[in-house]
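Notebook open, model loaded. I'll jot down what I look up as I go.

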Amino acid sequence: MLLSVITLLVLAAIFGALLGFASIRFKPEGNPIVEEIDNLLPQSQCGQCGHPGCRPYAEAVANGEEINKCAPGGEATMLAIADLLDAEPQPLDAEHEADPVKQVAVIREAECIGCTKCIQACPVDAILGAAKQMHTVIESECTGCDLCVEPCPVDCIDMVPVQTDIKTWHKDKPNSYLNLIATDKSGLLIPNSETVA
Amino acid sequence: MQTLFAKPFRGGIHPTGHKERTEQSQIEKLPTPKRIFLGLQQRNGTLLTPLVKVGDYVGKGQLVAKGASDMAVPLHSPVNGTVVEIRDYVSAHPSGIKIKTLIIKSSEDNSWSENYPPINPDTLSQDEMIQRILDAGIVGLGGAGFPSGVKLRLAKQKGVHTLLINGGECEPYLTCDDRLMQEHASEVVAGIELMVRAIGAKEALVAVEDNKPRSIEALSHAASEIENISVKVVPSLYPMGSERHLIKAVTGKTVAPGELSVALGILVHNVATARAVYHALRFNRPLIERVITVSGGGIEQPKNLVVPIGTPVSDLLTACGGLTMSAQRLVAGGPMMGQVIPSPYTPVDKSIGGLLALNEQEVRDDQSHDCLRCGRCVSACPMGLMPFQMAAHSRVSDYEGAQDYGLNNCLLCGACSYVCPSRIPLVQHFSHARGQINAQRSMAQKSALARKLTDARKQRLDREAAAKQAEKEAKAAARKKKAAEKKAKQAAAKAAAGE
């Protein structure tokens, strides 16, 4: 009786010490789930979710924030997060409805007064310029977040849709009526618009 | 000569050839078009820089545009004439997106601008040969349009031992390679000999489908004196022209998925490319024209034509007697893998080997029906995939699921769509899915870049804040020090006064 109690106590002490050591030695830096959620977000840093960037939103989601607030990511991102967290998918609310067209900011350079306000607003440092010098947007780095438009005192920044070029173009989905096995369908002989899409 | 009778690879189909329309028609030269349209962006998106300005006179064979790397193939003017405009113009890319295009108004004069004296290619080193092929702007004329010089250089580095020449031409309607092999067999063989030497290969095999007996005869005759070139006859089976399937049919070896044929020590080139290489090395002439089959039920007089690169499709149609009343669709390339041409003013580029005008019977625009699970697409697929399963996933935008079923190994050959009794646009689904996956990949790259930039900005802001703080502290310290000094001075003065 005593022997078994001592044995168990000793074992408990050993494993306790091991666990205690491991929890200090192998402590993960930051919350790993935040990292994973952040990887799913589109990194536009637009702040439309009400958080100052993608990472803060990822942190908020890890702490129980709604997962349907990422407008640039749209439904795909929401579903991916739901999948990751094993949460119930939530429909995007009207406020965070995805904007289907990708945009970039373009500065009308002749009108720029060189105030650097947009440079300070840009979350990815994609605007080039200096005080009292003309500014311009580095198109390949612009995430289309819209944050530079508001601070501009002369309203010389436009959001323009990204043009499809040979590199980004791809074929549309064929408009086909491909379904499950024919006998799976009950009584529906004429394709309706939902199944055709 | 050796005939392989057994089924050369799994799957494959026997589409109706329709080759009889142009099989007998000798290659004709297209009258010099009035205007030439040279696109300054390649199919893969690489941009070329024009070396001439509007108003400049350009000579036939003159270099007019080049790119930054070897992957950007230089462009040469196919005519003598004047550059009249550089502007956005419709391209042969299936998207129909307008690209920057050099427009040359041609003159009557049809002679080469330079006198290209014949060179003895034996005096050239291997590297010189490859460099000349690159400079001549030669791309694979089979359809993919990959720069031939880059391919040859890679083959030389990897120690390729066998050069396989693709005379398969498995696409229905097309006979341009067939006619080329018959009429220019000696030039093709000479080109093969040069390529063998350029990459240091041991032997060359020319594979021709058994439905081209005259080509086989012509090539065997031309190569009869040359020890290391032999002609192999392969059965007619679509897609024999695919690199992997040709290798399998001729050598019995399988190129592993995701690997290149050079891993097996085999390099594949098209017959027309071999001829272009001959012209480049023997006469130093750039690639400025190619043979194109103009055929289909919508063409009055189907022909094989030598066409200057950059000729608008409308000129080709004119030369072939125009369209018939029933013509419905223009296709660049063969009917299986070709792409719909967006406009009759589209100029031909280096990778277009056929121009088809299909009529109502040939265009099968039927309503598609449900998948019957008949499995015909599975037995037709030359890559051993399950097309119906891949399509089911990509239809509901589950592109990862489609990839799990091997979408990345799909050749987009269209054999599945051809055999499907329900007329399901299978291959169209796959090319859409491929495009989507590429788009997602570039999106992910962009996100990664944005993340990096955000981090960099955060670091910069922290650094700046720290610098500001340090400055403030330094200033405060200086102020304190000054105050202390002042105090000390005052104290000293007081003390002095007190004494």
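I started with A:Q45. Leaving out neighbours within four places in sequence, I find A:Q45 in contact (heavy atoms within 4.5 Å) with A:G53, A:C54, A:P123, A:V124, A:C145 and A:L147, and also with B:A450 and B:T454 of chain B.

Ground rules before I go further. This is a predicted model, where local features need pLDDT of at least 70 and side-chain atom pairs count only at pLDDT 80 or more, while totals for chains, interfaces and linings use all residues. Residues are numbered from 1 along each chain as its sequence is written, chains are lettered from A and ligands numbered from 1 in the order in which they are written, and side-chain values use heavy atoms, with hydrogens and water left out.

**More on A:Q45.** I place A:Q45 in the loop between α2 (32-40) and α3 (54-62) of chain A; helices are DSSP runs of H or I with at least four residues, strands are runs of E with at least two, and both are numbered from the N terminus. Buried or exposed? A:Q45 is buried, because its relative accessibility is 6% (buried is under 20% relative accessible area, exposed over 50%, partly exposed in between, with a 1.4 Å probe and protein chains only). I looked up its polar contacts too (N or O atoms within 3.5 Å; within protein, one must be able to donate a hydrogen and the other to accept it, and residues adjacent in sequence count only if both atoms are side-chain atoms). A polar atom of the A:Q45 side chain lies 3.0 Å from the backbone nitrogen of A:C54. The A:Q45 side chain also makes a polar contact with the side chain of B:T454, at 3.0 Å.

**The cysteines.** A:C145 turned up in that contact list, so I checked the record, because UniProt annotations may be inferred rather than shown by experiment. UniProt, in an unreviewed entry, puts a "binding site" at A:C122, A:C142, A:C145 and A:C148. These positions are spread over 27 residues of sequence, yet they cluster in space, with a largest C-alpha distance of 10.6 Å.

A:C145 sits in the loop between β3 and β4 of chain A. A:C145 counts as buried because its relative accessible area is 9%. Beyond four places in sequence, A:C145 is in contact with A:S44, A:Q45, A:C46 and A:P123.

A:C142 is in the loop between β3 (136-137) and β4 (157-161). A:C142 is buried as well, with 7% relative accessibility. Which residues does A:C142 contact, leaving aside neighbours within four places in sequence? I get A:V104, A:A105, A:A126, A:V137 and B:K446.

**Chain A overall.** I noted six helices and four strands, running α-α-α-α-β-α-β-β-β-α from the N terminus. Of its 197 residues, 29% count as buried.

**Domains.** Chain A is divided into domain 1 (15-99) and domain 2 (103-161), with bounds from an automatic or database domain assignment. Five residues from domain 1 and six from domain 2 take part in the contact. The domain centres, taken over C-alpha atoms, are 29 Å apart. The area buried between domain 1 and domain 2 is about 360 Å², of which carbon and sulfur atoms give 56%; that is the accessible area (1.4 Å probe) the two parts lose on being put together, summed over both. Across this interface I find one residue pair in polar contact, both at pLDDT 80 or more.
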